[in-house]
Amino acid sequence: MQGLMQPWPLTVDRILDHACRWHGEREIVTRSVAGPIVRTSYARLHDRAQRLSNALLGWGVQRGDRVGTLAWNTARHMEVWYASMGIGAVCHTLNPRLHPQQLAYIINHAEDRIIFADATFVPLLEALLAACPKVEHVVWMGDGAEPPATRIAGLSAYEPLLAAHAPASWGGFDENTAAGLCYTSGTTGEPKGVLYSHRSNFIHTFLTLQHDIIGLSARDVVLPIVPMFHANAWGLAFSAPAAGAKLVMPGARMDGAAIHELIETEGVTFSAAVPTVWQMLLQHLLATGGKLTTLKRVVIGGAACPENLIRGFHEHFGVEVVHGWGMTEMSPLGTVGAPTAELAQLPFEAQLPQRLKQGRVPLGVDLKLVDDAGQPVAHDGAAYGHLLARGAAVAAAYFRRDDAILDADGWFDTGDIATIDAHGYMQITDRAKDLIKSGGEWISSIEIENIAAGHPKAALAAVIGRPDPKWGERPLLLVQLKEGEMATADEMLAFLENRIAKWWTPDEVLFVTHIPLGPTGKIDKKALRVAYGAVAPA
Ligand code: AMP
């Protein structure tokens, strides 16, 4: 027997409709890419996004078409999100930190028809558009009517485009329609696209609104530092309007001074960022004697949160740091470390070991641990296994790829190795995927190895991530030279130049006589990590 309730598709345009209707005057404040602080409201953002929808329709954008963005966290970026999603098109957030060749690959793979770009990224686009023949229009998301001088033919300006159109109406499609696309770096090969649906984003919004997860309220002032182009800013561009929270968008400036100023002048109560950004803020505050008078809670995730952040924000500023874990494929939230009833009663020092773990699941996510043979591993906080996930906002397949990514029971292998303790706290202990996370963004060790091993003097090359106080991890390149060869570190680094993104450049190159291989002939990364100080011996 079926229930007798109204059909009400869970499409994300309804989130902004709700914010417009019930929290219409709540502000969205942006540090604009040009510099000044600009203010709008959910009602105005809604109106402008609907005008932009009509501009897209005028260009022939249809349901399912991809609309790319190369943009910082700003109100305009949100307008493009809702403008494309509201008409059933797919908002494809491009990560500008990727190597231009990878970006071109992604734009072509997604077949983006239109790209909206902040002024910062116009030169980047200029350099790669010749390789992207399917892009029909590029829109500069600046203030005026005159786009910057550029080689991009027919570059449109955002504001005149909006001004020329009346608001479109939204919705009217199935909740399983694709809404967003975000590529994530793989261990090998090209990045893979995660294609969110309206339903998965809507459910993820409910999921994050649970009190122990992000739990925003209409009184909150939210500063999403996590970029909209990486894992959807942890859903904050959906959950803040859903709750009627004020939004403060940091634009292009993420340094400690800029973030501190925004927090204090706008009365920020909640923020979310990767550890590197919080390290910079903590250092800035300690160096300048700055205070945090409104901030109450921050979620730190994307990479392991170090103890000094949880302790430092608590002891100096009374701010609660909550550790979170997730991934692009999970929309992205998987766990958050809010205390259980028992833990909350303990003094801070006693809570700390639990708070350092990645946390507990919300309703809507399920996790389990399995060993190499796929057998369940005990949730005793000691035994570790492959961390598998499932849920309504977890990917079932990658965009335009045939490989199966779920096991027979529908579980997705996260590529993380973890423990889960008796209280349900998950802790990442290692990473099965051969990647390095630096400043919250991925570096593919294998890609650097493959290039370095192509150096005429190299016999073998290995790259491992070493802990770094600012970036979390930084790459170390180990090279085994061919018999009788001599080489310098500069020589190896020069060989990598222009072949990898600059920030991927290894911090150090070491020449070794022997790179250990495992039983299957693969480089034994575990042994290297222990030998070169990346992890403690087991
Ligand atoms: P991404 O899809 O780029 O967001 O990366 C997701 C991956 O980042 C996870 O599978 C983990 O390997 C890593 N990660 C995310 N959050 C954390 C965390 N709190 N601690 C350790 N690793 C994390």
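Student: Is E111 buried, partly exposed or exposed in this predicted model?
Tutor: The model is predicted, so local features need pLDDT of at least 70 and side-chain atom pairs count only at pLDDT 80 or more, while totals for chains, interfaces and linings use all residues. Residues are numbered from 1 along each chain as its sequence is written, and side-chain values use heavy atoms, with hydrogens and water left out. Buried means under 20% relative accessible area, exposed means over 50%, and partly exposed lies in between, with a 1.4 Å probe and protein chains only. The relative accessible area of E111 is 28%, so E111 is partly exposed.

Student: Where is E111 found, and what is its phi?
Tutor: E111 is found in the loop between α4 (100-110) and β5 (112-117), where helices (H or I, at least four residues) and strands (E, at least two) are DSSP runs numbered from the N terminus. Although E111 is not a glycine, its phi is positive, at about 55 degrees.

Student: A231 also has a phi to report; where is A231 found, and is it buried or exposed?
Tutor: A231, a residue other than glycine, has a positive phi near 55 degrees. A231 is found in the loop between β10 (221-224) and α8. With a relative accessible area of 4%, A231 is buried.

Student: At what angle do the axes of α3 and α8 cross?
Tutor: Axes are lines fitted to C-alpha atoms, for helices over the stretch in contact, and angles run from 0 to 180 degrees between N-to-C directions. Angles under 35 degrees count as roughly parallel, over 145 as roughly antiparallel, 65 to 115 as roughly perpendicular and the rest as oblique. Helices α3 (residues 75-86) and α8 (residues 236-243) have axes that come within 11 Å, and α3 and α8 are therefore roughly perpendicular to each other. The axes cross at roughly 90 degrees.

Student: Which residues of α8 meet α3?
Tutor: Contact means heavy atoms within 4.5 Å. From α3 the residues are M78, W81, Y82 and M85, and these meet A237, F238 and P241 in α8.

Student: Why is helix α7 described as largely enclosed by the rest of the structure?
Tutor: The buried residues of α7 include H198, S200, N201, F202 and I203. Helix α7 (residues 198-208) is largely enclosed because, of its 11 residues, 9 are buried.

Student: Which residues does T208 touch, not counting residues up to four places away in sequence?
Tutor: T208 is found in helix α7, and T208 counts as buried at 0% relative accessibility. With that exclusion, the residues touched by T208 are I213, I214, G215, W234, S239 and L333.

Student: Which peptide bond is cis, and what is its omega?
Tutor: P332 is found in the loop between β14 (320-326) and β15 (333-336). A cis peptide bond joins S331 and P332, with omega of about 10 degrees.

Student: How much area do domain 1 and domain 2 bury between them?
Tutor: The domain bounds come from an automatic or database domain assignment, which gives domain 1 (13-253) and domain 2 (435-531). Their contact takes 11 residues from domain 1 and 13 residues from domain 2. Buried area is the accessible area (1.4 Å probe) that two parts lose on being put together, summed over both. With 49% of it on carbon and sulfur atoms, the area buried between domain 1 and domain 2 is about 930 Å².
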